[in-house]
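Work through the exercises below with the sequence and the model in view, and try each task before reading its solution.

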Amino acid sequence: MLGQDVVACLRTHGEDVDALTRADLDVTSQGAVEAAVRGVDVVVNCAAYTAVDAAESQEATAFEVNAVAPAVLARASASNGARLVHVSTDYVFDGTSERPYGEGDPLRPRSAYGRTKAAGEWAVRAEAPDHLIVRTAWLYGAHGPCFPKTIARVAAERGGLDVVADQVGQPTWTADVADLLVRLVATGVPAGTYHGTASGRATWHEFAQAVVGAAGMDPSIVRTTTSAEYVRPAPRPAFSVLGHDALLAVGVDPIADWRDRWSTAASQVLA
């Protein structure tokens, strides 16, 4: 979902892009990765094990993709003089804050997915001095399964649905994240960690209402429920709002408010 938007954005900007899928490259193989990044200026890692619940029982597999692979990519990027852009997640935090998480706040993951992504961040910092770690969250996009597509389908099929109202985050369009990644590289920002989420905040219930409305249905058919009613193998962060101070400090505009971006994205995502 994100990778396809990154490739499209780079090509729109006239960049020469080698877009490698899982079938093209084993990102855990040092030799294969070294060969793949030879001669390139920037490596963007959109590969990740993102099955949050499955990771609870398959943490070793998730670790290979989310921690070992970034280490391999970081070593190869550094040895070839390439800048590494690595995408991370809000799950590296514990989700208990009452204020937006800062880029330098302590990492306290509560799930296997979060632990493996946190390990990937540490690997990138250790192996690739010229890195950009960009944390994002609550992603939706046109090129893969995502929350808005599921909500619109279920609402149409059932005529109503329950969505949790006690988890807060920032619905973020993958096209906007792709644009931000390109802007960060193009402006030559210092190495470090940045947050790539939409501005503002919402509950899943509020986002679902916006989705249903965009799909031409009455938002009131989306009812509220609590996380306690939907217990899943991996704990979900109650609070996933990320601050954008690091972007502002280097003169890069954060992504605009999530409602404004959803109004632009909806027709493409729900097409």
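**Exercise 1.** Which residues point one way from β2 and which the other way, and are they buried or exposed?

*Solution.* The structure is a predicted model, in which local features need pLDDT of at least 70, side-chain atom pairs count only at pLDDT 80 or more, and totals for chains, interfaces and linings use all residues. Residues are numbered from 1 along each chain as its sequence is written, and side-chain values use heavy atoms, leaving out hydrogens and water. In a regular strand the side chains alternate between the two faces of the sheet. Arg83, Val85, Val87 and Thr89 point one way from β2, while Leu84, His86 and Ser88 point the other way, and all are buried (under 20% relative accessible area with a 1.4 Å probe, protein chains only; exposed would be over 50%). Strands are DSSP runs of E with at least two residues, and helices are runs of H or I with at least four, numbered from the N terminus.

**Exercise 2.** Find the strands that pair with β2, where pairing requires at least two DSSP bridges.

*Solution.* Begin with β1 (residues 42–45), which is parallel to β2 over four bridges; here Val43 has Leu84 as its bridge partner. Then turn to β3 (residues 131–136), which runs parallel to β2 and is joined to it by six bridges.

**Exercise 3.** Locate the kink in α4.

*Solution.* Helix α4 covers residues 59–79, and its kink of about 30° lies at Val68, shortly before Pro70, the bend being the angle between axes fitted to the seven residues ending there and the seven starting there. After α4 comes Gly81, with a positive phi near 70°.

Definitions and conventions
Two strands pair if DSSP finds at least two bridges between them. The expected span of a helix is 1.5 Å times one less than its number of residues.
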